[in-house]
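Trainee: Please walk me through this one, I'm new to it.

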Amino acid sequence: MNNNIHLPGFEAFVITNSLQFEDCVHIHVELKIQPHRCPVCHRWTNKVHDYRKQKVKHTKMFTRHTYIFYRKRRYKCEHSDCPKKGFPEDNPLVERYQRQSVEFKQAMGLEVIHGKNFADVAARMGTSPTTVMRRFDAIGSSMLNETKELPSTIAIDEYKGDAGGEKYQTIIADPVDRRTLDILPDRKKDTLKAYLHHHGQKVNKVVMDMSQSFKAAVDQALGGPIVIADRFHFCRYIHWALERVRIKVQKEFIDYDRKKCKRMKHAFHKKPEDLTSKQRWYLDYYLSQSDYLREAYQLKEAYRHWFEEAKALGADHLKVIKDRLYEFYDLVRSSGVVEFQKAIETLQNWQKEIINSFAFDLNNGYIEGLNNQTKVIKRNAFGFQRFDRFRMRILLHHQYKRINTRVA
Ligand SMILES: [Zn+2]
């Protein structure tokens, strides 16, 4: 008997033995005899019916997996007119019919929100992935604070999640508070429309990429709110145009230069002041090899100047921003660069929404960041192919990320 051992969480118990093995710890415990009320007739008894040894998985102690061998007592109602024979004593360690302690289950619940995937959490907690997954399914929805009503400004973007048999999901975020609000199972117009119809009665501003189907869903469900094109997405059309030109032009280069030019592709898109001297050299060299490529590069730079200026001018100078954009269009039209001419067609189609991005200074950069943060969830994602789990995992992760919950 080592009654002098004191373990946090076991104050109520008598520790009868503790054994350390190479990879685990066994702790034998029992409770002191105490009067209990019969669950049927509610009269007191302290008469012992029998004992059963129960093996309970607990959180790690001394960095080892820990099992509690709980000598569980059953009491007996002494009243001859009561039908109740044996009933188990009250205990703070383990719930009825469970093989894991209350504390272990809590720890696993928190781990699973922040761990990479079920298999990883299972390995660290010394249990099976299926057990972790079941735990997640059991606690997930009660921990999640579901968004019932969307705020007045939302951001919508597609999200490559590969869940529930759909490559893309739709993510709904709050671009002001930078919070993830919901994830929809696909990127179909009708799915988004139905969701907004249900939850979006307060929404009057929507930041989004330039997707016709999102735009139609938003207009139809919300009756034409202010739509704001996301900056990252409209700038991308210009960079794509420059990429197309580079790829077309470098095909004519000799083998060495074609490969080198491809390898130096980031130099074409960076701000000139951010280039390394090596990038600067190769950029100048390849621009000197092709008038067409040089012209495309200059158009990209002209666009960048417009964009930087528009950001600096802001909401009070929308007229100037628009005039300068028209000047950029003229420059593109008078150039012979067809790739840019195609790109500005898209910008023209979304011009009102693009100008809105300077009127309201809103963007969904938050979602772009999210796409990178959650890539880790998708990899080795045992159990996350199911959309409901995938959604739950991402929403819980973001809801609880400010809370440090690493326990095991
Ligand atoms: Zn009784």
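Mentor: We'll go through the metal site, then some strands.
Mentor: This is a predicted model, where local features need pLDDT of at least 70, side-chain atom pairs need 80 or more, and totals for chains, interfaces and linings use all residues. Residues are numbered from 1 along each chain as its sequence is written, and side-chain values use heavy atoms, without hydrogens or water.
Trainee: Which residues coordinate the zinc ion?
Mentor: Cys38, Cys41, Cys77 and Cys82 do, each through its SG atom, at 2.2 to 2.3 Å. Donors here are N, O and S atoms within 2.8 Å of the metal (3.2 Å for Na, K and Ca).
Trainee: What spacing do the donors follow along the chain?
Mentor: The pattern is C-x2-C-x35-C-x4-C.
Trainee: Why is the arrangement tetrahedral?
Mentor: Because the four donor atoms subtend angles of 105 to 117° around the zinc ion; the label needs all angles between 85 and 135 degrees.
Trainee: And cysteine 77 and cysteine 82, buried or exposed?
Mentor: Cysteine 77 and cysteine 82 are both buried, meaning under 20% relative accessible area (1.4 Å probe, protein chains only).
Trainee: New topic: how many bridges join strand 8 to strand 9?
Mentor: Seven, linking residues 153-163 with 166-174 in antiparallel fashion. Strands are DSSP E runs of at least two residues, numbered from the N terminus, and a pair needs at least two bridges.
Trainee: What about strand 9 and strand 10?
Mentor: Strand 10 (residues 179-184) is antiparallel to strand 9, with five bridges.
Trainee: Which residue in the hairpin of strand 8 and strand 9 takes a positive phi?
Mentor: Glycine 164, near 55°; that hairpin has two residues between the strands.

Terms used. Four donors count as tetrahedral if all angles lie between 85 and 135 degrees; four count as square planar and six as octahedral if opposite donors are over 155 degrees apart and all others between 65 and 115; anything else is irregular. Buried means under 20% relative accessible area, exposed over 50%, partly exposed in between (1.4 Å probe, protein chains only). Helices (H or I, at least four residues) and strands (E, at least two) are DSSP runs, numbered from the N terminus.
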